Amino acid sequence: MNSKTIANGILRAVAIMVGVALMAIFVYKIRSVLAYLAIAAVIALLGRPIVLFLRRKLRFPNMLAVVATMVFMLSIFLGILALFIPLISEQSKNLSLLDIDSLKADINTLYLQILDYFGASTRSVDDLITDSKIEESVLQGLDLKFIPNFLNSFVNTLSNFSIGLFSVLFISFFFLKDSKLFQNGMLTFVPDNKESNLVKTIDKINGLLSRYFAGILLQLFILFVIYTVALLVVGVENAIVIAFLCALFNIIPYIGPLIGGAIMVTLTMTSFLGADFSTVILSKTLYVLIGLGIGQLVDNFFSQPFIFSTSVKSHPLEIFLIIIIAGLLFGVVGMVVAVPGYTAIKVILKEFLAENTFVKKLTKGL
């Protein structure tokens, strides 16, 4: 090996590293476009069964079926906005969600009521909370800002999304109109002898993820109904909004239900401040906790097994490990995209490495 060969190898390696870096920068710059494509792909996956139903059962032309599906899905989306956005914006002060100081004051009052209920008024307790120093430190130590930050970002996103909405709808329309559009684009990067494998892979991924996202919507809807009933029974104001937000947190596996449950309990207790703690606040909170428990039991023993077994064809323990690993590597976003990403990887491995022993065992259920 002479110096010229070594120099060419170094130059080639440097060129590859520069190319990878430029590609990473390019992807970062167009991350919004990639997000639009991902959202549009999810919408297309959810809308595809509707298009097929209209075409096969009702004999709609393809264009009319796509337009009708887009109108239907857009109507649902606008209906949700019309229902929740005015309530969130008008009742934010009552909910004490967008005002962190008000939320801390309410929790401080609730904290004092709990101490009084449990008789925590001895001299030792008084010494510990002299001048409310511990109260202030406890309240300051509580990182409550995730609540208003989440809702502020949620409201801001909904109020400044016109360009994104148009882009997503535009891309979704063509994904629905031509289901092979994405597939044909991918085929341009694949050798001719691998095209059939890619077609099978894309069709399999589309089918699995369509069922998965439909299952997620069903899961959120079931939790929303259970939470709404529980909050309405105890008479919590803005029960629909609180139930929707708490159900929405279940998109984040494992951690989301805990956050949503904590928010629901806190808002229930602060909704009845001024009433007797033992007979009103505590009893109503217990009813809400029962509703939360029922919701999680239904979710854990019905919704999640149904979604994982019939859609992504993976064992719940397998999914648990993948979600934990993705969460450690990429945080909350990784936990959200872990299941669909892992499903896509399994399908790709099955089609392109079908003879590998490990792949055979991993993808046995697919």
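Helices (H or I, at least four residues) and strands (E, at least two) are DSSP runs, numbered from the N terminus. Counted this way, the secondary structure of the chain consists of 16 helices and 0 strands. The model is predicted, so to read it note that local features need pLDDT of at least 70 and side-chain atom pairs count only at pLDDT 80 or more, while totals for chains, interfaces and linings use all residues. Residues are numbered from 1 along each chain as its sequence is written, and side-chain values use heavy atoms, with hydrogens and water left out.

Confidence comes next. The pLDDT, the predictor's confidence in each residue from 0 to 100, averages 76 over the chain, and 77% of the residues score at least 70. Over residues 93-98 the pLDDT is below 50, and this stretch has 19 contacts in the model beyond near neighbours in sequence; a contact means heavy atoms within 4.5 Å. Residues 131-142 also have a pLDDT below 50, with 11 contacts in the model beyond near neighbours in sequence.

For the chain as a whole, 34% of the 366 residues count as buried. Buried means under 20% relative accessible area, exposed means over 50%, and partly exposed lies in between (1.4 Å probe, protein chains only). Among contacts between residues at least 6 apart in sequence, 68% join residues at least 24 apart.

T201 is found in helix α11 (residues 195-234) and counts as buried, because its relative accessibility is 2%. Leaving aside residues up to four places away in sequence, T201 touches V347, I348, E351 and F352. I319 is found in helix α15, and with a relative accessible area of 1% this residue is buried. Under the same exclusion of residues up to four places away, I319 touches F308, V312, S314, V339 and Y342. F308 is 11 residues from I319 in sequence, and their C-alpha atoms are 8.0 Å apart in space. V298 lies in helix α14 (residues 277-312) and counts as partly exposed at 27% relative accessibility. Not counting residues up to four places away in sequence, V298 touches I222, I226 and S303. V298 and I222 are 76 residues apart in sequence and 8.4 Å apart in space, C-alpha to C-alpha.

Aromatic side chains can be followed next. A pair of aromatic rings is described by the distance of the centres and the angle of the planes. Rings of Phe, Tyr and Trp (its six-membered ring) pair if their centres lie within 6.5 Å; planes under 30 degrees apart count as stacked, over 60 as edge-to-face and the rest as tilted. The structure holds 4 aromatic pairs. In one of them, the rings of F170 and F174 have centres 5.0 Å apart and planes at 65°, so the pair is edge-to-face. Both residues sit in helix α9 (residues 162-177), and because they are 4 residues apart there, about one helical turn separates them. F170 is partly exposed, with a relative accessible area of 46%, and F174 is partly exposed at 35%. F170, F173 and F174 form one aromatic cluster.

Another pair is made by Y254 and F320, whose ring centres are 5.1 Å apart with planes at 80°, so this pair is edge-to-face. Y254 counts as partly exposed at 33% relative accessibility, and F320 counts as partly exposed at 34%.

Y254 also has a backbone feature to note. Most residues other than glycine have a negative phi, and most peptide bonds are trans. Phi of Y254 is near 65°, a positive value in a residue other than glycine. Phi of R59 is likewise positive, near 60°, and R59 is not a glycine. R59 is found in the loop between α2 (31-56) and α3 (62-90) and is exposed, with a relative accessible area of 68%.
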